[in-house]
Amino acid sequence: MSSDSMLYLKKQNLIPYTNKNAKIGILGIPFDSTSIEVPGQRFGPRDIREQFSKLYGYDFETKQNIYEKIDDLGDIDAVHGSFELTAERIKDTIDHLDKKPIFLGGEHSITHAIVKCLKPDVLVIFDAHADLFDTYQGEKYSHISYLHKIMSEKLVKKAYVFGCRAYTQEELEFAKKFKVVLVNPKDVKKEVKKIKKQNIYLSVDLDVLEFNLAMGTGTPEFGGLSLNDLLSHIKTVLSNNKVVGADIVELNPLIDSQKTTTFCAAQILKEIILHM
Ligand SMILES: [Mn+2]
């Protein structure tokens, strides 16, 4: 990372013992201005870091130290109220990046800005929702329309939404037309193995988890994945493909009083780091 790109980066230094020479960079994007439910995802990066820093660094299964594998680059300074200006800052940061990024959201609209820069062929998403609305009451850029924009702007060839169980008929029709594969929770295990040797970007919306684990998101849905199953699917996806980057989005610490969803986010971050 060169020094002229540090303009929009604020160091956070909450993750302990990270390695300046590591190949994976952790970047927070505390943006929540398009949230249609309770805002507060801007505090996501802060709380994921705090929970993550409590994890034991050594993983007995893979014999890796997760803190050795990452460099915490800080947070991209979001422009609250403006998706477009925030997207410009995301682009500026990614343009200067020399590490493989894992982004901590923030809400799901940030994935649109990231994918535009990283240019993967295939998008692998875990999400209860399809997020294929054309607009939110006329507003193009929203966390419920971000995937519509990615597909209609042809930023990727194909997208998969695993664990998807909440969408409208219009979204379903758009999905069929634009090569978005919506996979319901019971078929995830079978379908996730079929994606192989692709150039992918991974996006994890925490509401893909069963509702009792996802109450720290604005939009929990019944019938989701267990944390164990989600971690196992993430491992499969990362092991079988070439990954250009990943994000974990939609944690809202303001409504996560038991820190259950925050805890899940930290475990997911660990899993991504181990297998990326
Ligand atoms: Mn969602």
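Me: Which residues of H3 are buried?
Reply: This is a predicted model. In it, the buried residues of H3 are Ile 110, Thr 111, His 112, Ala 113, Ile 114, Val 115, Cys 117 and Leu 118.

Me: How many of the residues of helix H3 is that?
Reply: That is 8 of the 9 residues in helix H3, which spans residues 110–118. So H3 is largely enclosed by the rest of the structure.

Me: What follows H3?
Reply: Lys 119 does. Its phi is positive, near 50 degrees.

Me: Switching to H1. How many of its residues are buried?
Reply: 7 of its 9 residues are buried, so H1 is mostly covered, taking under 20% relative accessible area as buried.

Me: Which ones?
Reply: Gly 44, Pro 45, Asp 47, Ile 48, Arg 49, Gln 51 and Phe 52.

Me: At what angle do H1 and H8 pack?
Reply: About 70 degrees. Their axes are 8 Å apart, and H8 covers residues 260–275. That angle makes H1 roughly perpendicular to H8.

Me: Which residues make the contact?
Reply: From H1, Asp 47, Ile 48, Gln 51 and Phe 52. From H8, Thr 262, Phe 263, Ala 265, Ala 266, Leu 269, Lys 270 and Ile 273.

Me: Asp 47 again. Which side chain does Asp 47 meet in a salt bridge?
Reply: Arg 46. The N to O distance is 2.8 Å.

Me: What is linked with Arg 46 and Asp 47 in a network?
Reply: Lys 259. Arg 46, Asp 47 and Lys 259 are linked in a network of salt bridges.

Me: How many salt bridges does the count come to?
Reply: The count comes to 16 salt bridges. Among them is one between the side chains of Asp 32 and Arg 42, at 3.1 Å, N to O.

Me: Where are Asp 32 and Arg 42?
Reply: Asp 32 and Arg 42 are each in the loop between S2 and H1. They are 10 residues apart.

Me: Is Asp 32 buried or exposed?
Reply: Asp 32 is buried, with a relative accessible area of 3%. Arg 42 is partly exposed, at 32%.

Me: What about Asp 77? Which residue does it form a salt bridge with?
Reply: Arg 89. The closest N and O atoms are 4.0 Å apart. This pair links distant parts of the chain, 12 residues apart. Asp 77 is in the loop between S5 and helix H2 (83–95), and Arg 89 is in H2.

Me: How accessible are Asp 77 and Arg 89?
Reply: Asp 77 has a relative accessible area of 27%, which counts as partly exposed. Arg 89 is partly exposed as well, at 21%.

Me: Off the charges. Which residues form a nonpolar patch on the surface?
Reply: Val 38, Leu 254 and Ile 255. Together they have about 230 Å² of accessible area.

Me: Where is Val 38?
Reply: In the loop between strand S2 (24–29) and helix H1 (44–52). Val 38 is partly exposed, at 38% relative accessible area.

Me: Now Ala 159. Where does it lie?
Reply: Ala 159 lies in strand S8, residues 158–162. Ala 159 is buried, with a relative accessible area of 0%.

Me: What does Ala 159 touch?
Reply: Leaving out residues up to four places away in sequence, Ala 159 touches Leu 123, Leu 147, Met 151, Lys 179, Val 180 and Val 181.

Me: What separates the C-alpha atoms of Ala 159 and Gln 267?
Reply: 24 Å. Along the chain, Ala 159 and Gln 267 are 108 residues apart.

Me: Last one, His 233. Where is it found?
Reply: His 233 is in helix H7, residues 227–240. His 233 is buried, at 6% relative accessible area.

Me: And what is His 233 in contact with?
Reply: Phe 126, Val 188, Lys 189, Val 192 and Leu 225. That leaves aside the neighbours of His 233 within four places in sequence.

Note on methods: Residues numbered from 1 in each chain as written. Predicted model: local features only at pLDDT ≥ 70, side-chain atom pairs only at ≥ 80, totals over all residues. Heavy atoms only, no water. Patch = residues over 30% accessible without salt bridge, like charges linked within 9 Å, V, L, I, M, F, W, Y side chains within 5 Å. Areas by Shrake-Rupley, 256 points an atom, 1.4 Å probe, with all protein chains shown as cover. Helix = DSSP H or I, 4+ residues; strand = E, 2+ residues; numbered from the N terminus. Buried < 20%, exposed > 50% of the residue type's maximum accessible area, 1.4 Å probe, protein only. Axes fitted to C-alpha atoms, helices over the stretch in contact; angles between N-to-C directions. Parallel < 35°, antiparallel > 145°, perpendicular 65-115°, else oblique. Contact = heavy atoms within 4.5 Å.
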